[in-house]
Amino acid sequence: MSTCPESYTCSDEGLLLPIVSEASWPTGARATVYLIGLLWSFMAIAIIADIFMSAISTITSHTQEVKIPDDSESGYKTIEVLRWNGTVANLTLMALGSSAPEILLSIIEIVFNDFKSGELGPSTVVGSAAFNLMVICGVCVIGIPSSETRRIKKLKVFAITAVFSVLAYVWLIIILMVNTPDFVDLWEAVVTLFMFPILVILAYILDKNYFGSASVDDETGLEVVSRADRDNLLSQEHADKQVIVEMLRRLKSNPDADEKEVARLTAHLMEQNQHHNRAWYRINAIRTLTGGTRLTTPLTDKSNELLETLLVAEEAGGDPDFIHLSEGGKKAIVEFESPSTAVIEKEGRVKINVIRHGNLDRRVLFRIETIDGTAEATSDYKPLKKTMVFEPKETLLSFDIEIIDDNTWEPDEVFFIRMTIEPEQQAVLGKHPVTQVTILNDDEPGTVQFANPSFLFKESVGCAQVKVERINGCDGRIVAKWKTKDITAVGGRDYENTSGEIVFEHGELTKMIEINIKDDLEFEKDENFEVDLVEVDGGAKLGKLKRCVVTIVNDDEFAGFVDRIADLTNANLDALRLGKQSWAKQFEEALNVNGGDLETATAFSYLLHFMTFGFKSFFALIPPPTIWGGWLCFFVSLLCIGLITAIVADLANIFGCLIGLESEVTAITFVALGTSLPDLFASKTAATMEKYADSAIGNVTGSNSVNVFLGLGFAWVVAAIYWTSKGVSFEVPAGSLGFSVAIFTVCAIVTLILIVVRRVVGVFGNAELGGPKTPKLISGFFMIFLWLVYVLLASLQTYGYIEGF
């Protein structure tokens, strides 16, 4: 079998290797070389799998425009739909992209082994399935923060793939150990292969709800394109300038907010708020492991500082601008009209408004609930907890909360009203998911202060209105005097009205100081001045914020600044797009660490890039996905995966032989882990970033089924046809394989039962992933423990310490 004619220890274990005589090499040195080669080849498989998945992403993200009836004047509307159903894509091309090494290993081993069954291919299929189901699911369960959970959204599809993932291995037990022990007849091989299209058809039927009531999203029967799938998974809209302006407003206290870093941060936040499918996470994991071009915009130290500034900003939570970007306007945005409301105690009730914008076509249910602050339910206000409904096209709802007047003086007190939306609702919370209600004491004159320590106005605003608040009482008429103080802006030249007074009538809570701003239509840098509250009469007091800074921003420069940031942001987003690289761009990314982003490259990135430089350069020769809709890249990549897989098989067999490790054990440990590690990192990232668990563990069961149906089914059909033509049956000794399959099946059933239990039992958080810390850790580590049990028992049986069935 080897190309080397000389026979020596383990020289006949490979299909292509060794290529030179190793007779004089010490066994230890040979083992070391083959181990390094095996680990290095796993990186090669990861890199070519990245290209393969990019081609698949391009193919499955093709869209077309379809006209459907509606109530408009034309009688129809045009929508963009995917040519590939998402479930079908996941179970066919996506699963093939994820499992190609295992599938091709099984096929190559049989074809190059005179159509005889080998040990490495089938054992790798089972070993990878065990690692995927038990270890990946366990890590994803543990990896979710204790206060969060992730649930499977497409439960019916997950259920059918889970059933088939067990059925596939039960079927292997039947044909290998019960029906025709140690042999596979042609009809058995054909049934194994044809279970694949049966699975795809059943999953598609359940996905489309053909035997159940269709949801609103499924009424057209079309696969409407999502933002994650459009334009090859990464079609982020161009940067919204309003979002950039909002970011600049929040970053005004940070003097280091230069345009390049703001653009980097904007692209990072936009990309983070996108929904991504399994392929995106796998490609990104591979590129992270090999020092390649990541699909996320990495942050520098400076942009990380800007991010921290955003997080501690007064209104950092629940940014509707980014939410609207991430959902592409396809969901309704529900929020309170104002983040705070004040009510005088004697008025007896306060009216709260809830607004909806974004998508207005659906019925949206949401819940509101009062939460104590310094004000207490039943003594200061009557608690409220209710469900409210926005009917289609409805944009405003109101409700009242009763305030209890106890006729005794108290300082101002506050309570909160929180809004929640169930995950199945086609809506998201906006900028104000919580509103604060302040109950004002009406027996004191109060305290006067500015609403904010700083204000920002454009030069063309004409009149700047600086808000002044009256807190801790509103009794009687009071007058507050104010004056301005130059900083870089000059009174009389850049602004007018350098002093004055404001009057609060009885019960009034807010007033505006109006200052005229002069627009000289000339380029100037930002200028600012100070406004001070000097004194107040009527027994009132000045508060802590008795001075503020007003900044005048030059419109022309500000607009240009925003434009430059938008252009840089769009450039950053364009660099993340899959399926858009030219041949020249492929070589540029392959020859540079981090694809050319040297600013965020670490020493470890350089090390990984150095280790994989040769593979990256060679694979850059593969046609990019932009040619022939991705199909040319698909087939060339598949051919390269087959070649690398053949080398991996040789390296694993010879390494195992040199250290006395059986092929079956090598397969379920070294080879299975090497081919599955990218999936582990991809699932872990998807678990923490995605709203649902589908991208993290939803595809594991489907891939495990496909491994058997395609990886073993196709290879066995070819071999069975060959041996049937010779009048004999195809021999597949059950032995260690049968025992391994049986142990895996038991462990898989236990794992799936635990996943179901986690979903329905409250102690686990009623979700497949995450939940309370202790139950989460126990269930997650138990899944990983099951994998260790599987590896241990399968290995012991291979070496004869446990009798087979």
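This is a predicted model: local features need pLDDT of at least 70, side-chain atom pairs count only at pLDDT 80 or more; totals for chains, interfaces and linings use all residues.
Residues count from 1 along each chain as its sequence is written, and local features need pLDDT of at least 70, with side-chain atom pairs counted only at pLDDT 80 or more, while totals for chains, interfaces and linings use all residues. Side-chain values rest on heavy atoms, leaving out hydrogens and water.

**Exercise 1.** Work out whether Thr 438 is buried or exposed, and what its side chain touches.

*Solution.* Start with the location: Thr 438 sits in strand β13, residues 434-440 (strands are DSSP E runs of at least two residues, helices H or I runs of at least four, numbered from the N terminus). Next, its relative accessibility is 15%, so Thr 438 counts as buried (under 20% relative accessible area; exposed is over 50%, partly exposed in between, with a 1.4 Å probe and protein chains only). Finally, its side chain makes a polar contact with the side chain of Gln 436 at 3.4 Å (N or O atoms within 3.5 Å, one able to donate a hydrogen and the other to accept it; residues adjacent in sequence count only if both atoms are side-chain atoms).

**Exercise 2.** Find how much of helix α3 is buried.

*Solution.* Then check burial: 21 of the 24 are buried, so α3 is largely enclosed by the rest of the structure.
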